[in-house]
Amino acid sequence: MNKLCRQVSIESPGPTIKDCVFSFEVPVPDVPPNGARIRVSTLQLQPRLTHVPLSDLQVVCAGACYRLRRSPSISSVSSTGSVSSLSTEMSVDLGLGGSMQSPAHHGVRDGALFPGYEVAGIVESLGAEVEDNSSIQEGDRVVLYPYDGVPHGYAEFIIVHELKYLVKIPDSVSLPVAAMLPTGALLAMNTVFNAHQYVEDILRQRGEGGVCKILIVGTGGLALWAMRIASHHFKDTKMRVQLTVASLKDEGFLMAKEFKTVNVVQWNEDLYERQLIERTIDSCNGEVDIVIDFGTTSRSLHRSLQCLSKGGVVFMCSETAEKLMPKFSRLADERQQRIKPVDMGTIEQLQELVKLVGNGEIEPPPHTVFPAEEACKVMEKLCNSEIQGRAILQFYDAD
């Protein structure tokens, strides 16, 4: 195929938010024998995926996620390859070790911008060796599971080497909503699932009438998904699981208020640290048992530990935990607390998530769709916390 298609690539934003978005034309990739080519409609700014026997995918939407720079020697990682990385959810201190570059904006400390790979699109063509009775067919609307080896950028057309990494989406789920699921929502779901056993143990120890208190930190897409997923997941505990959201932005406070069973405390950075800790403990009716922290900064984690009870546990995404755990392991040990890293969820969890959103059991957080051509402006707005909820980039309207 000699035709060209658009590609948008996004790297970790630096202190000036410049030179992190790359847009250019690349050749439309050939369809792999056992895979598919997909036309991408919408994307969420996030990290990338791995290899599979390919199919052709037409990218329609993608989540606003960025590709985390693993080394300072990589100056333009997302400007190479066939797919880019855009996402709206991880924050200021994302470096893993001294060699990693991390976003330095105060405005993204709340988990509104994170690394990942989120793509929804339409299967444009299948490989020559794909069986006729395959569960994936041309014209199917799909999301791509972010496997190891995913392409480096978001292109209008991407290929996957194996159909097993594609998840069909029902007609009840729009492509922009589907584009939010493979990284942000999936990570939030896996975090809630990781907390499940701890919740069960606490409720069993405290007997009938006992309560388990969970604090969710952040108001970016990760925290908004976690709040929705946790509310659904623990709905049968008969109010024995108490959820509180520590909101880092005013709009997050308003969004969280839509759940009347969820307490909300605002972390106003103009207040002294001791005031914020006391305010949080008071709002939670005492120290909490579990913290799901998407704040990604040292200050956020320190505050979370101060609000956590003896023997409590903090869940953080693995990238942030790897950076912060060396700083806080001693404090956590002194308080008999644990910090648990959480990785991306499984494809089985993604399939379950698609069903839950499709049948209306979990409502997606607010999101705004932008033309892919505006990726640079979108990143700047995300870094300055000017977009409510998630940001979706759209190559074309397929719904």
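The model is predicted, so local features need pLDDT of at least 70 and side-chain atom pairs count only at pLDDT 80 or more, while totals for chains, interfaces and linings use all residues. Residues are numbered from 1 along each chain as its sequence is written, and side-chain values use heavy atoms, with hydrogens and water left out.

Let's start with the whole chain. It has nine helices and 17 strands; these are DSSP runs, with helices being H or I of at least four residues and strands being E of at least two, numbered from the N terminus. Of its 399 residues, 60% are buried, meaning under 20% relative accessible area with a 1.4 Å probe, protein chains only.

Now for the helix pair:

| Helix | Residues | Residues in the contact |
|---|---|---|
| α6 | 298–307 | Ser298, Leu301, His302, Leu305, Gln306 |
| α7 | 318–334 | Leu324, Lys327, Phe328, Leu331 |

Contact here means heavy atoms within 4.5 Å. The two helices pack at an angle of about 25°, with their axes 11 Å apart; axes are lines fitted to C-alpha atoms over the stretch in contact, and angles run from 0 to 180 degrees between N-to-C directions. That makes α6 roughly parallel to α7, a label for angles under 35 degrees.

How much of α6 is tucked away? Seven of its 10 residues are buried, among them Leu301, Leu305 and Gln306. Besides α7, the elements covering these buried residues include α5 (273–283) and β14 (308–317).

Definitions and conventions. Buried < 20%, exposed > 50% of the residue type's maximum accessible area, 1.4 Å probe, protein only. Parallel < 35°, antiparallel > 145°, perpendicular 65-115°, else oblique.
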